[in-house]
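Below is a briefing on one protein model, grouped by topic.

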Amino acid sequence: MDRDFLKSQVLKNFYDISRIPRCSGNEEGISNYLKDRYGKLGFEIIQDKNHNLIIKKDGNGLENKSPVVIQSHLDMVCEVAEGFDFDFDNYPIKLALKDGFLSTDELTTLGADNGIGVAMMMSILDDETAVHPPLEMVFTVEEETTFKGAYTIDQSHILGKRVINLDNSVENTIVCGSAGGILVDVFCALDSAEVEIDLSTYCLKISGMLGGHSGQDVEKGRANAVKVLTGALYRLPSDILPLSIEAGNNYNAIPRDAKFYFQADDDLIENIRNSSSEYLEIIREKYSKEDIDIKIEKSDRVFENGFSVDTLLKLLNYLMLSPIGINSMDSDLHGVVSSSSNLGKIRMENGYVVLSSEIRGSYDFEIEEIVNRICHITDTLGFGIETSGYYPPWRFNPNSKLLKTALKAYEKFGSKPEITSLHAGLEAGVLSQKLDTTEIISIGPTIKYLHSPLEMVDIESVDRIYAVLLEILKTV
């Protein structure tokens, strides 16, 4: 797509940053791009060693008002459609426009989460006519993985106590709270079993699930490839040789595919295929809107060794007992998930199977309860466990003056947004603590199928939310 084909400055800016690598943990390029671009225009810029950025813009028409903080994260989740060869570090993301949505034609994640927020902030920096108080534009790193940016940014450079986060993905909502969370890695030590030269290697391959954001999409009841894999493994005979187990790519994405490699006598394969086909019919009936497939295929992949069926049974016990999906619902906000767990990634690493989950909860005690449950399972099975990347819940402030200003701005454009809490980690929770303020809201355009190659953003929604944002700044 040609840049000039995009009508708004926000989308043109999004096009520009879509050409710069920004997978989580690799934000140096995008950070330096923004620093150079706006440094040349004379803005005050603070960049730290982690590549967080603070860009300050003087007030225009509201110079005597207190500063407002606008915040987005620079990084994105990088997921690729099965069979598509794409290098996020070297290729620009290919944009496509269809039926009013900007996407990648289902090839890769789009990066609208949170690239559209970044593009809106750039557009305000570009606009010399916008009316606003002094602005502190905060661009953070590694939101999609560890919240490193929000945790490490030096708050002494930030004077504002009113914060607008642009990481919301539902246009007609104002998010005023979000779940906290923690990352959990479980380690199953592998014993070694000798590969049989005379036996064929097969791959049990599970694919076709929609996936999505493990927090915002958890209530949609989508299939989780790890759970489907568990059911398939449960039906395998005991006289196989396990070789490798793999699933998903990210803690915070519902896994879309999984693979299990094994050796077996060719005489067994027909029975295994029949069993898998029967299981597939059951799964397809439940998840009729997804194109789930289970295949048993010969593989040319070479393995130096495998592991025992006893170890596979321990793994299967963990997969069957480990919490996956919704744990509890919010008692105050109807239809809002309060706590959940997503087993988003399984990989082989240094003699271990590593099973990675993200635990979310609206309260710290909910997070602790799920982690303790996993600890009991790992203790029983003799597995190891590590936690990292904790981020705090962000509790709703019903008396927020910024929220009231935002509601009036929405109403000016004929909208009455829903006030809600998000079952996903937002940096607003960290910033609320670091800046000692509860005057925080999160807004954004409609983005669908986050964290998957299906990701798309509603073009008109981008324009409407940007207009709302300018109105908030003009009346705050």
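Buried means under 20% relative accessible area, exposed over 50%, and partly exposed in between, with a 1.4 Å probe and protein chains only. Helices (H or I, at least four residues) and strands (E, at least two) are DSSP runs, numbered from the N terminus. The model is predicted: local features need pLDDT of at least 70, side-chain atom pairs count only at pLDDT 80 or more, and totals for chains, interfaces and linings use all residues. Residues are numbered from 1 along each chain as its sequence is written, and side-chain values use heavy atoms, with hydrogens and water left out.

**Helix α5**

- Helix α5 spans residues 225-234 and is mostly covered, with 8 of its 10 residues buried.
- The buried residues in α5 are A225, V226, V228, L229, T230, G231, A232 and L233.

**Nonpolar cores**

- A nonpolar core is a set of buried Ala, Val, Leu, Ile, Met, Phe, Trp, Tyr and Cys residues joined through side-chain atoms within 4.5 Å.
- The largest such core has 60 residues, and I164, I441 and I443 have the most contacts inside it.
- Helix α3 (residues 112-126) gives the most to this core, namely 9 residues.
- Another core, of 52 residues, lies apart from it and includes L233, L236, L319 and I359.
- With contact taken as heavy atoms within 4.5 Å, and residues up to four places away in sequence not counted, I441 touches V163, I164, N165, I174, V175, C176, W394, L402, L403, A406 and I472.

**Backbone geometry**

- The peptide bond from D113 to N114 is cis, with omega near 10 degrees; N114 is found in helix α3.
- D99 is not a glycine, yet has a positive phi of about 50 degrees.
- D99 sits in the loop between β4 (96-98) and β5 (101-103), and counts as exposed because its relative accessibility is 69%.
- F147, also not a glycine, has a positive phi of about 65 degrees.
- The loop between β6 (135-140) and α4 (148-152) holds F147, which counts as buried because its relative accessibility is 3%.

**Surface patch**

- M1, F5 and L97 form a nonpolar surface patch with about 280 Å² of accessible area together.
- Patches are made of residues with over 30% relative accessible area and no salt bridge, with like charges joined within 9 Å and nonpolar side chains (Val, Leu, Ile, Met, Phe, Trp, Tyr) within 5 Å.
- A salt bridge is a side-chain nitrogen of Lys or Arg within 4 Å of a carboxyl oxygen of Asp or Glu.
- Accessible areas come from the Shrake-Rupley method with a 1.4 Å probe.
- F5 is found in the segment before α1 (9-17), and counts as exposed because its relative accessibility is 54%.
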